[in-house]
2 protein chains.
Amino acid sequence: MSSGTATVNQKTTAERFAEALTLIPELADVEAIIRTSFQSDVRPMKEIPDYLLSLGGKRIRPALTLLCAKAVGMSPITSEVLNVAAGIELIHMATLMHDDIIDQSPIRRHKQSPYAKFGTPLTLLSGDFLLTRAFGLCARLDDTVIAHTEQACIELVEGEALETPLYLESHTLESSLTIAKRKTASLFRLAAFCAGHLSGAPAATLEALSVFGETLGIAFQIIDDVLDVTSNEATLGKQPGLDIIERKPSIVNVLWLSSGDAAARKLLQPPVAESEAAFAHKALEMLQTSQYVAEAKQLARSYGARATESLNQALTSTPQCSDGASQALYSVIDFALERLK
Amino acid sequence: MSSGTATVNQKTTAERFAEALTLIPELADVEAIIRTSFQSDVRPMKEIPDYLLSLGGKRIRPALTLLCAKAVGMSPITSEVLNVAAGIELIHMATLMHDDIIDQSPIRRHKQSPYAKFGTPLTLLSGDFLLTRAFGLCARLDDTVIAHTEQACIELVEGEALETPLYLESHTLESSLTIAKRKTASLFRLAAFCAGHLSGAPAATLEALSVFGETLGIAFQIIDDVLDVTSNEATLGKQPGLDIIERKPSIVNVLWLSSGDAAARKLLQPPVAESEAAFAHKALEMLQTSQYVAEAKQLARSYGARATESLNQALTSTPQCSDGASQALYSVIDFALERLK
């Protein structure tokens, strides 16, 4: 019964997110810029990004950029905003390629990952290619955009470096949240900030937009960590439990570890080939209905509430404000919290 | 006797290159910018670049940037030129890190490679970190520098993608030279061009500087390919013959392949664990005194001659010109051709 209710809620949230996307026909322009940036006479440099793009994705970062610009009154959307939105998605795509190499992930969105399909050398280079294109797009904008883009990318890379299993023993809820903030929230914050900045929004609005982007990004990442435990392969598009197998300092893992549960101590040891599948299976079964997942969801909701509050502030501190785009942004928060994949 | 003569010549060339470096005390400023860009509170993001820097290196790209600026009359060297020189070296460092992952190279400059010492995940991320810092430095300059930096990085990545063993069968001398041009000459050309551009050199000088940088870079890469065959581990700082073992479309390999020598056909097959060492050993022994190496050296000298000619043009087409820096640039060409490592 309660799962039925959740499904109804989810459907509504997903539908509202889909409706939000219809408010931004400019997403097609962003996609065109992204595709143009794949141009290369060296086949795999076009083929691999094309393949990754074909796997689909939520395009939540460009959507966020465009909706924030609209919400604070930009009309029509300028080419600068389209370029930043494309640049941010390209950075995200590059990190997906490099992440799959780091995690040796065979599957992404139900299909072979670029890493599995094209191998390490070409996938690594393809990520570098996209990073270069992204910087090319953002570097043509003003110094503020450049400085914030550099900062966001540095944080993103640092967040991923902090995530290496080497350091799992020393992780706490606080350090796990730092990782979520750096590796995921950095690009969300960049998207919201740049949209406001390029719209000429006042300082108070920019600050509120930054906090909105950052807290939304943290909530988004916490739910990612939850879904790794609660979802299934059919919905997730990849095997669940990877954070367990890869000994990642996910929010769920650190909450479990810090509980003192003896079973969690196994996370501090490298996977043992013979017993890992059984451990992951048992851990998933236990975690799905555990207090750790409940705590993580509660934490995500609290970040979602801060995102809502910051969005309120951003919208009340700007002279012009689009109701449609504003409502769409609230639905993005709901979607981040209630999505099933 | 002839090897004795070569040593004397080399010593002179190396000495003249060392003298050239004394003309550019600003290299210390570039190094300071590079070190500052390693700052991070995430230890490996500072530790890995520090380690790579500690392995030494010729710093030929920053030296080229500074000498070109001086040669066309810039005095004093501006912070823009220092930033570009640092940015180009950072891009080079990032590609070394990523290359070692791609080639699974255990050794760099007599020591463990960053990849061998720190593993794929952190080395990959560290390369991304440096790429981001490099773009941060270059993006703060004008649109011309940004466009040329983006173009050079794209070419560099494309050149490396073309080099994957997958494609060796279809390689020719022409395609091998295309790879040298893209993967190596792109940054040399960028260094020379940006130095001229930021010095306000006239269009004819800029064009000549670009050709100088590009032809010098191609000569440099051809000699790299030659040294992989003719040098030894003590001098090279890594095992010779890696281009053979890794089935790279090096200039020497494609000349050998295109000769129709039956033994070269083995380059078209993947390495076979049991017989690879014997094959590489025999191939090296034969190649060292072969016509292919002689042809490759001749080819390098012809690119060196074009570099000299373009440098002449650059220096005669610019109103101001520093004799000391100009002479130093000629010694860089000699060094690129006659170096032993």
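Reader: Leaving aside its neighbours within four places in sequence, with which residues is L337(A) in contact?
Author: In this predicted model, L337(A) is in contact with A219(A), I223(A), A300(A), R301(A) and G304(A), its neighbours within four places in sequence being left aside. Two residues are in contact if their C-beta atoms, placed from the backbone, lie within 7 Å. Residues are numbered from 1 along each chain as its sequence is written, while chains are lettered from A and ligands numbered from 1 in the order in which they are written. Because the model is predicted, local features need pLDDT of at least 70 and side-chain atom pairs count only at pLDDT 80 or more, whereas totals for chains, interfaces and linings use all residues.

Reader: Why does L337(A) count as buried?
Author: A residue is buried if 20 or more other C-beta atoms lie within 10 Å of its own, exposed if 12 or fewer, and partly exposed in between. L337(A) has 21 C-beta neighbours inside 10 Å, and therefore counts as buried. L337(A) lies in helix α15 of chain A, where A325(A), A328(A) and L329(A) are among the other buried residues.

Reader: How do you know that the span of α15(A) agrees with its 16 residues?
Author: Helices (H or I, at least four residues) and strands (E, at least two) are DSSP runs, numbered from the N terminus. The expected span of a helix is 1.5 Å times one less than its number of residues. For α15(A) this should be 22 Å, and the end C-alpha atoms are 23 Å apart, so the two agree. Helix α14 of chain A, with 26 residues, reaches 37 Å, close to the 38 Å expected.

Reader: What covers the buried residues of α14(A)?
Author: The cover includes α4, α9, α12, α13 and α15 of chain A. Among the buried residues of α14(A) are A300(A) and G304(A), both of which are in contact with L337(A).

Reader: Why is H110(A) called partly exposed?
Author: H110(A) has 13 other C-beta atoms within 10 Å, and is therefore partly exposed. H110(A) lies in the loop between β1 and β2 of chain A. Its phi is positive, about 70°, although H110(A) is not a glycine. Most residues other than glycine have a negative phi, and most peptide bonds are trans. The peptide bond from S75(A) to P76(A) is cis, with omega near -5°, and P76(A) is placed in the loop between α4 and α5 of chain A.

Reader: How do you know that the two copies are related as by a two-fold rotation axis?
Author: Copies are superposed by least squares on the C-alpha atoms of residues with pLDDT of at least 70 in both. A rotation of 180° with 0.0 Å of shift along its axis superposes chain A on chain B, with an RMSD of 0.0 Å. The two copies are thus related as by a two-fold rotation axis. In chain A, the C-alpha nearest the axis is that of A139(A), 2.5 Å from it.

Reader: What is the predictor's confidence in chain A?
Author: pLDDT, the predictor's confidence in each residue, runs from 0 to 100. Chain A averages a pLDDT of 93, and 96% of the residues score at least 70. Over residues 1-6 of chain A, however, pLDDT stays under 50.
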